[in-house]
Amino acid sequence: MRADNSQHIVDAARRRSEYTRAKAIQALRSLDAAGEPVTFETVAKHAGVSRSWLYAQPDLRAEIERLRAIHGRNPASPIPARQRTSDLSLLRRLEAANARIRRLTGAGVLPLDAC
């Protein structure tokens, strides 16, 4: 009677799957950090996986679609999505700058024509 080695096969398949996911995630991060277009084709090419496999992974698919939409709106942007300034952040910075200008001009520190 032969020994049951099926557990080794299952373990190898699990490791291969984890390695494949790690390659795809790394490709996503690299493309985004470089400001390159993030598409199923480019991720598959950089990760060495098939596009059909990417489509079958719900979380990876959602992230690719999210990044593709961001890069699609602003294709020339070299800034990664996670580092881009939000509209709310820009509004807060503008409000803080205006408050500082009012404070400085009201205190007589800056002449009014300097603004």
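Tutor: Let us begin with Tyr55, which has a relative accessible area of 37% and is therefore partly exposed (buried is under 20%, exposed over 50%, partly exposed in between, for a 1.4 Å probe and protein chains only). The model is predicted, so local features need pLDDT of at least 70 and side-chain atom pairs pLDDT 80 or more, while totals for chains, interfaces and linings use all residues. Residues are numbered from 1 along each chain as its sequence is written, and side-chain values use heavy atoms, without hydrogens and water.

What is the partner of Tyr55 in its aromatic pair? The partner is Phe40, and the two rings are stacked, with 4.0 Å from centre to centre and 20° between the planes (ring centres of Phe, Tyr or the six-membered ring of Trp within 6.5 Å; planes under 30 degrees apart are stacked, over 60 edge-to-face, the rest tilted). Phe40 belongs to helix α2 and Tyr55 to helix α3 (residues 51–55), so their pairing ties together parts that are 15 residues apart in sequence (a helix is a DSSP run of H or I, at least four residues, numbered from the N terminus). A search of the whole structure finds one aromatic pair. In contrast to the partly exposed Tyr55, Phe40 is buried, because its relative accessibility is 3%.

Phe40 leads us to helix α2. The buried residues there are Phe40, Val43, Ala44 and Ala47. Because they cover an arc of only 100° around the axis, they are on the same side of α2 (the arc is taken from the directions that run from the helix axis to the C-beta atoms). Glu41 and Lys45 are exposed, on the face of α2 turned away from its buried side. After α2 comes Gly48, with a positive phi near 75°.

Leu54 shows what surrounds this region. Apart from its neighbours within four places in sequence, Leu54 is in contact with Phe40, Val43 and Ala44, and also with Ala24, Val49, Leu60, Arg61 and Ile64 (contact is heavy atoms within 4.5 Å). Leu54 and Val43 are also among the residues with the most contacts inside the largest nonpolar core, as are Leu28, Val38 and Ile64; this core has 14 residues (buried Ala, Val, Leu, Ile, Met, Phe, Trp, Tyr and Cys joined through side-chain atoms within 4.5 Å). Helices α1, α2 (40–47) and α4 (58–73) are the elements that give two or more residues to this core.

At 1% relative accessibility, Leu31 is buried. Its contacts, not counting residues up to four places away in sequence, are Val43, Thr42 and His46, together with Glu36, Pro37 and Val38. Thr20, another residue of α1, touches Val49 and Trp53 under that same exclusion.

Arg61, one of the contacts of Leu54, also forms a salt bridge with Glu65, with the closest N and O atoms 3.3 Å apart (a side-chain nitrogen of Lys or Arg within 4 Å of a carboxyl oxygen of Asp or Glu). Both residues lie in α4, four residues apart, which is about one turn of the helix. A further salt bridge joins the side chains of Asp59 and Arg21 at 2.4 Å, N to O. This pair links distant parts of the chain, with Asp59 in α4 and Arg21 in α1, 38 residues apart.
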